[in-house]
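Reader: Could we go through this model together? I would like to start with the ligand site.

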Amino acid sequence: MRTPIIAGNWKMHKNVGEAVEMVRELDELVADSAVEVVICAPFTSLSALSALGLKKVKLGAQNMYYADQGAFTGEISASMLEDVGCEYVILGHSERREIFKEEDELINKKVLKALEVGLKPILCVGETLEQRKAGETEEIVVSQTTLGLKDVSAEQIEQVVVAYEPIWAIGTGETSNGEDANQVIASIREALAKLFGAELAGKVRIQYGGSVKPGNIKEFMDQPEIDGALVGGASLNVKDFVGIIKY
Ligand code: PGA
């Protein structure tokens with residue numbers, strides 16, 4: 001059985017005070033949930049959130065660089081994230097791919113470094129609207145998954161979470177439907193089975209992301225291949241995010 005994982009991706013939102021206030025409340029409200037709950041906050045809030053001594057909510061970052069240290073102005077290393085109490089890190093989000101021109105090869109280096117220091121990567125994959133219209137969805141997500149996980153070992157793969165986020169559904173209010181997302185996620189699991197064998201592939205958690213809300217989460221969680229959600233906008237508000245976690 002795969003434990004469902006619901007992660008909030010706050011993107012570039014909330015100062016330290018706002019972050020602390022919401023996560024403190026969230027941690028109480030979801031304390032008895034069977035679902036794993038993660039908040040991926042901006043770097044600036046992570047230490048303060050970690051200092052809360054959270055009972056339930058785990059912390060994640062939204063990006064990192066793959067070098068251990070050095071002259072990389074503006075970057076943050078995997079061990080720095082580990083040091084401030086992160087357990088997860090989102091890698092290869094479509095906003096990183098599109099706005100900051102990150103490619104599969106770079107994302108793969110980040111995935112390998114995260115695993116090396118003991119952080120669990122949430123590897124995001126997903127197609128654009130044009131790619132979907134051209135019938136390329138499965139080809140794209142399988143390619144992003146395979147390239148992103150190059151050289152990941154059989155021992156490491158269970159630490160990885162994959163998030164399927166169709167780009168046209170992010171922040172747009174448009175969602176994929178449960179069945180469609182399930183089918184794409186099944187193709188990601190098939191790609192994992194080719195790389196790591198069916199048994200290990202069956203242990204990897206794969207989330208859906210893209211305009212997930214309290215009103216549509218159940219449709220996704222009811223699907224056999226979908227193990228959770230990566231939530232942007234609706235994770236910024238405690239009531240909505242709790243509604244999603246308690247689907
Ligand atoms: P959204 O974002 O829930 O606001 O669509 C999801 C994401 O980008 O991870």
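This is a predicted model: local features need pLDDT of at least 70, side-chain atom pairs count only at pLDDT 80 or more; totals for chains, interfaces and linings use all residues.

Reader: How many residues surround the ligand?
Author: There are 13, and the closest are Lys11, His93, Glu165, Gly171 and Ser211; a residue counts if one of its heavy atoms lies within 4 Å. The shell comprises 4 nonpolar, 7 polar and 2 charged residues.

Reader: What is 2.7 Å from an oxygen atom of the ligand?
Author: An N or O atom in the side chain of Glu165. A ligand oxygen also lies 2.8 Å from a polar backbone atom of Gly232. On its own the ligand exposes 280 Å², of which the protein buries 96% (Shrake-Rupley method, 1.4 Å probe).

Reader: Changing topic, how many disulfides does the structure hold?
Author: It holds 0, a disulfide being a pair of cysteine sulfur atoms within 2.5 Å. The sulfur of Cys40 is too far for a bond, because the closest cysteine sulfur, in Cys86, is 7.9 Å away.

Reader: Is Cys40 buried or exposed?
Author: Cys40 is buried, at 0% relative accessibility (buried means under 20%). Cys86 is buried too, at 7%.

Reader: Which conventions apply?
Author: Local features need pLDDT of at least 70, side-chain atom pairs count only at pLDDT 80 or more, and totals for chains, interfaces and linings use all residues. Residues are numbered from 1 along each chain as its sequence is written, and side-chain values use heavy atoms, without hydrogens and water.

How values were computed:
A polar contact is a pair of N or O atoms within 3.5 Å; within protein, one must be able to donate a hydrogen and the other to accept it, and residues adjacent in sequence count only if both atoms are side-chain atoms. Ala, Val, Leu, Ile, Met, Phe, Trp, Tyr, Cys and Pro count as nonpolar, Asp, Glu, Lys and Arg as charged, and the others, Gly among them, as polar. Buried means under 20% relative accessible area, exposed over 50%, partly exposed in between (1.4 Å probe, protein chains only).
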